[in-house]
Amino acid sequence: MLFSRTLLAATALTAVTATAKADEVNLYSYRQPELIQPLLDAFTEETGIKTNVAFLNKGMVERLLAEGDRSPADVILTVDISRLAGAVEAGVTQPLESDVLTANIPAEFRDPDNQWFGVTTRARIVYASKDRVSPEDVTTYEDLADPKWKGRICTRSGTHAYTLALVSAMIEHHGAEATKTWLEGVKANLARKPQGNDRAQVKAIWAGECDISLGNTYYMGKMLEDEEQQEWANSVNVLFPVFEGAGTHVNVSGVALTKSAPNRDNAVKLIEFLASPKAQEIYAEANYEYPVGPETQPSEIVAGWGSFDADGVNMMDLAAHRAEALKLVEEVDFDG
Ligand code: FE
């Protein structure tokens with residue numbers, strides 16, 4: 001009896017040391033390798049801690065739930081507030097009290113319960129044809145339902161996370177009924193069925209299929225880096241619509257400590273590093289996102305698109321409206 005208990009304890013300890021190596025940290029990431037590698041390289045250089053990343057397209061929460069306490073993941077990285085809130089809701093994260101994070105991330109971009117932390121923001125803006133749209137004609141998100149845009153708008157799917165966050169913000173500002181009417185109005189103005197990613201809409205403007213599209217800010221920078229896409233980018237202006245009486249819609253990319261976190265200490269170091277001025281600078285320069293850190297400025301290219309007032313809607317309220325937003329998008333058959 002005594003022997004078997006000792007054996008069990010020894011086995012358990014071996015299992016722990018097998019996953020928790022002093023010099024490693026494991027990530028599950030929805031963010032692309034080319035984006036986060038420069039950040040992870042800088043982290044390893046500074047701390048000597050090696051990073052292992054599993055890049056996933058979907059099913060991160062399901063995987064963490066299936067792995068349970070045995071999950072090797074320490075940190076999750078993703079875009080979109082409802083994905084961050086969804087992971088918290090599923091119980092696969094744990095809170096992290098950190099003075100470093102409190103100091104480096106403004107309160108509106110981190111969870112009040114310290115379960116998730118925003119590390120960048122992005123605005124969802126209008127790309128508008130330089131030839132066919134005068135910038136002052138793009139004013140509010142509400143105005144996108146005006147018949148003056150009939151047959152002139154391109155967008156990606158209504159069920160994509162980026163669209164749903166915008167629809168959630170509309171619900172927060174105007175309620176579900178008005179949002180449904182707005183979605184019907186925007187749908188009636190579409191030049192074609194929703195399809196493709198944000199860059200594909202700019203290509204469509206360049207090709208003359210439509211005059212304006214919705215897209216995230218950083219794609220402008222990404223397109224300018226690409227020989228073929230440069231032409232698309234140069235055919236449009238970046239314009240910052242607002243919600244009536246409020247600001248421009250923003251969403252976050254963020255990070256959370258997993259519940260299992262076998263390398264917890266290293267994970268905390270990594271999360272704190274991502275919020276540090278050094279990492280914030282890399283995010284700003286390499287991916288054209290807006291840093292959350294108060295000490296870090298957007299890149300010169302990004303600053304050149306102009307400044308804007310961010311919509312004051314609380315991130316948690318956006319996440320809370322996601323299910324209703326999806327329901328409305330389906331009810332109006334936005335993609336149909
Ligand atoms: Fe994106």
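**Iron site**

I started with the iron ion in this predicted model. Its protein donors are Tyr162 (OH), Tyr218 (OH) and Tyr219 (OH), at 2.0 to 2.1 Å. Donors here are N, O and S atoms within 2.8 Å of the metal (3.2 Å for Na, K and Ca); water is not among the atoms, so sites may look incomplete. I noted the spacing of the donors along the chain as Y-x55-Y-Y. Tyr162 sits in helix α6 (residues 161-174) and Tyr218 in helix α9 (residues 218-225), so that pair links distant parts of the chain, 56 residues apart. Helices (H or I, at least four residues) and strands (E, at least two) are DSSP runs, numbered from the N terminus. Are Tyr162 and Tyr218 buried or exposed? Both Tyr162 and Tyr218 are buried. Buried means under 20% relative accessible area, exposed over 50%, partly exposed in between (1.4 Å probe, protein chains only).

**Ground rules**

I kept the conventions at hand: residues are numbered from 1 along each chain as its sequence is written, and side-chain values use heavy atoms, with hydrogens and water left out. In this predicted model, local features need pLDDT of at least 70 and side-chain atom pairs count only at pLDDT 80 or more, while totals for chains, interfaces and linings use all residues.

**Ser168, also in α6**

I stayed in helix α6 and looked up Ser168. Ser168 is buried, at 1% relative accessible area. A polar atom of its side chain lies 2.7 Å from the backbone oxygen of Leu164. I then listed what Ser168 touches, leaving out residues up to four places away in sequence: Leu318, His321, Arg322 and Ala325. Contact means heavy atoms within 4.5 Å.

**Disulfide**

I searched for disulfides (a pair of cysteine sulfur atoms within 2.5 Å). The count is one. Cys154 is joined to Cys210, with S to S at 2.0 Å. The link of Cys154 and Cys210 is left-handed, at -110 degrees about the S-S bond. Cys154 is in strand β6 (residues 153-154) and Cys210 in the loop between α8 (198-206) and β7 (212-216), so the link ties together parts 56 residues apart in sequence. Cys154 is buried at 0% relative accessible area. Cys210 is buried too, at 1%.

**Helix α2**

I checked the length of helix α2 (residues 33-47). Its 15 residues should span 21 Å at 1.5 Å a residue, and the end C-alpha atoms are 20 Å apart, which agrees. The expected span is 1.5 Å times one less than the number of residues. Which residues of α2 are buried? They are Leu35, Ile36, Leu39, Leu40, Ala42 and Phe43. These residues cover an arc of only 155 degrees around the axis, so they lie on the same side of α2. The arc is taken from the directions from the helix axis to the C-beta atoms. Glu34 and Glu45 are exposed on the other side of α2. The cover over the buried residues of α2 includes β1 (24-29), β2 (50-55), β3 (75-79), α11 (264-274) and α12 (277-287). Gly48 follows α2 with a positive phi, near 80 degrees.

**Around helix α4**

I moved on to helix α4 (residues 81-89), where the buried residues are Ile81, Ser82, Leu84, Ala85 and Ala87. They pack against α3, β3, β4, β9 (250-258), α14 (315-320) and α15 (322-331). Just after α4, Gly91 takes a positive phi of about 80 degrees. Asp80 is in the loop between β3 and α4. Its phi is near 85 degrees, a positive value in a residue other than glycine. Asp80 is buried, at 1% relative accessible area.

Next I looked up Val61, in helix α3 (residues 60-67). Val61 counts as buried at 19%. Its C-alpha atom is 6.0 Å from that of Ala87, 26 residues apart along the chain. Beyond residues up to four places away in sequence, Val61 touches Ala87, Ala90 and Val92.

Thr93 came next, in strand β4 (residues 93-94). Thr93 is buried, at 7% relative accessible area. Which side chain makes a polar contact with the side chain of Thr93? That of Gln115 does, at 2.7 Å. A polar contact is a pair of N or O atoms within 3.5 Å; within protein, one must be able to donate a hydrogen and the other to accept it, and residues adjacent in sequence count only if both atoms are side-chain atoms.
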